[in-house]
Amino acid sequence: MSTESEDNIIDTNHTSVHTLSKKNEKERRRLRYMQKDGRFLVAFQKPPGDWSPYILDIFTTLIEIRWRMMFLLFTLSYILSWIFFGLCYWLIAHIHGDTQSSDNDPCVDNVRGFTGAFLFSMETQATIGYGNRGMTENCIGAIIVVTVHNLFSCFFDTIIIGIIVAKMASAQRRSQAVRFSSSAVVNLRNRVLCVSWRLGDFRGNHILEGVVKAHLVRHVKKRGSVVMLYQDLDLENPHVVLVSPTTIVHKLKPGSPLYRIGPDDLKRKKFELLVSFTYTADSTGMLHQTRTSYTPADICWGQRFHDILKVGKKHYHVDYAMFNETTWVPVPMVCAEAYERGSGHPNERNSLLPSATGNIYWATTNSPEEVVVQTSL
């Protein structure tokens, strides 16, 4: 009899855990406003044929395109410019009669057809100068064209090199080295419920100063339209000196949009916590920004981050392998408003997991359905 009841309890627990995992998976698959890497999942539908925003700001357009498109444009732009000026030299040679007779004094030495004109165009723009082809004094038009060609070459090379350098030093690439933790946690700090997340520089080149901001975003449907609502979160330490990983803290106090949200409410609420870190890199002097977002499924109630900073004999050691690791801690399983109203003292078994006072307390485990009683000695 006892064996059958135990089997039923095991089956019930297994079913509840399986249902909970399905709910968490559904929460994680919900459409996000911002991805974890900081990209916004917003698709813009422009008017048909309106390319003016991309053409007017062509420099930014070229920086933001993919590398394969950049290399394709880079190759085609040079080849087309060689062909264009090659046609100009061939046309001059044709008008001057260099293509019909080899006895007259040519405008350009050894340019009697389009092939020679194309090679001369490539040698001029690339400043190769093999010595077989060269400008003569016989045609003023050819002299004007080669002068324009040289000016165009300098201007064109400056633009191409500038775009490639700016694309290689893109802030998006640098921001991948400065990361937020994969999840946020809720725990007690000085007897105040707080939500916190971790920030670290994986390159270790010591960003001296930056500013962290956080916004709570949710969409509301009104009369068939969608309205995005933004609420700022007050942070305990918005100005960060990122020499070592730091924890960003938001206290759940009156005025906070998360003040009345408890662990059970996180399963029903639809919002995103958008966080950003804006800073200037000391190596390049460029302004960068790292962004990420946390949905209710990414917020772990009753956990804290592992300690990753240790003091050595000569250095402070940071273990980035534990950057995203968390552990369970005693935390009230109620919203901050209910916790402050009850002065932090539970009246029922499930109001605090675990209690911070007394010899007997409740401790959470990896399964939110289970509660283990521990007694301090």
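## Annotated spans

The end C-alpha atoms of residues 71–92 are separated by 32 Å, and this span is 100% helix and 0% strand. Helices are DSSP runs of H or I with at least four residues, strands are runs of E with at least two, and both are numbered from the N terminus. For residues 140–166 the end C-alpha atoms lie 39 Å apart, again with 100% helix and 0% strand. An unreviewed UniProt entry annotates residues 71–92 and 140–166 as "transmembrane region"; such annotations, given in the numbering used here with shortened feature names, may be inferred rather than shown by experiment.

## Basis of the model

This is a predicted model, in which local features need pLDDT of at least 70 and side-chain atom pairs count only at pLDDT 80 or more, while totals for chains, interfaces and linings use all residues. Residues are numbered from 1 along each chain as its sequence is written, and side-chain values use heavy atoms, without hydrogens and water.

## Helix H6

Helix H6 comprises 29 residues (140–168); at 1.5 Å a residue it should span 42 Å, and its end C-alpha atoms are 42 Å apart, which agrees. The expected span is 1.5 Å times one less than the number of residues.

Buried residues (under 20% relative accessible area, with exposed over 50% and partly exposed in between; 1.4 Å probe, protein chains only) of H6 include His149, Ser153, Phe156 and Lys167. The buried residues of H6 pack against helices H3 (58–64), H4 (67–96) and H5 (114–125).

## Asn187

Asn187 is located in strand S2 (residues 184–189) and counts as buried because its relative accessibility is 6%. A polar atom of the Asn187 side chain lies 2.9 Å from the backbone oxygen of Gln303.

Note on methods. Polar contact = N/O pair within 3.5 Å; in protein donor to acceptor, adjacent residues only side chain to side chain. Contact = heavy atoms within 4.5 Å.
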